[in-house]
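Biologist: Hi! Could you walk me through this one?
Modeller: Happy to, here it comes.
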Amino acid sequence: MNLYHRRLCRSPRWAGYVAGEMLPAVLDGVSLGRRVLELGPGYGASTRALLDHVPELVALENDPALAEYLRRELGPSLKVVMGDATAAPFKDASFSAVVCFTMLHHLSDSASQERLFAEVARVLEPGGIFVARDSSGGWRFRLIHLGDVCTPIDPRRLRDQLGRAGLNAVEIIAVPGSVQFKAHRPLLAGMVNNPVEPVSRMEAATSLARVVSCE
Ligand SMILES: C[S@@+](CC[C@H](N)C(=O)[O-])C[C@H]1O[C@@H](n2cnc3c(N)ncnc32)[C@H](O)[C@@H]1O
């Protein structure tokens, strides 16, 4: 992350938006189960909010300084693992849910995003859920990523990407500037039928944070 992006991601305003608006919208009606993995926790805006809702939370962060920061800040209530989400250092079927917020665009290309999806499918228990939200682009978003990796999600390709990774994508919602989605590891191997809803438009009032958001 560049300096500007780092400032945004650790700002109280971003934390308030994540805890007060983004997470409630993304997790509405979702049961995450007993053991949850968060990919790319960054400065912990989403992590802090998640801790109140899940019995056991593990965070996987590939920036050693941020992993250390999170260990200091969130202590024993959170297990922080340093590693790469495209080669996740966890056993198969070890989580009831995997979540990922404003992190996917930090991967270098869509092939890496697909490797991450395949890892999600592997570490999820059968029937487990993957919940994510990320940016689908826009000039402001590109601006705050100047000099930084920036690979926005393409909502039109997401259905195929998730299906190839072995996930049943049950819901994809495009909100202004962002896409949020839920997908499941099938209960039985080989049962991927990818019943994705068509991308729908939700005229949400969430554009407010777009200017200053990490999304
Ligand atoms: C923009 S931050 C988002 C942080 C947090 N989810 C939030 O919403 O505030 C993205 C984080 O993903 C991490 N990240 C990027 N690529 C990663 C990878 N391959 N594996 C694990 N973490 C990664 C970055 O280091 C950064 O901390």
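Modeller: One term before we start: two strands pair if DSSP finds at least two bridges between them. Strands (E, at least two residues) and helices (H or I, at least four) are DSSP runs, numbered from the N terminus.
Biologist: Good. What should I know about the source?
Modeller: The model is predicted, so local features need pLDDT of at least 70 and side-chain atom pairs count only at pLDDT 80 or more, while totals for chains, interfaces and linings use all residues. Residues are numbered from 1 along each chain as its sequence is written.
Biologist: How does strand S6 pair with S7?
Modeller: S6 (residues 168-175) and S7 are antiparallel, with seven bridges. Ala 174 sits opposite Val 179 in S7.
Biologist: And what about the hairpin of S6 and S7?
Modeller: Two residues lie between the strands, and Gly 177 has a positive phi near 80°.
Biologist: Which strand does S5 join?
Modeller: Strand S5 (residues 124-135) runs antiparallel to S7, joined by seven bridges. Ala 132 has Phe 181 as its bridge partner in S7.
Biologist: How many residues of S7 are buried?
Modeller: Seven of the seven in S7 (residues 178-184), where buried means 20 or more other C-beta atoms, placed from the backbone, within 10 Å of the residue's own. One side has Ser 178, Gln 180, Lys 182 and His 184, the other Val 179, Phe 181 and Ala 183.
Biologist: Switching topic, which residues are closest to the ligand?
Modeller: Gly 40, Gly 42, Ala 45, Asn 62 and Ala 85, among 23 surrounding it; the cut-off is a C-beta atom, placed from the backbone, within 6 Å.

Technical notes: A residue is buried if 20 or more other C-beta atoms lie within 10 Å of its own, exposed if 12 or fewer, and partly exposed in between; C-beta atoms are placed from the backbone.
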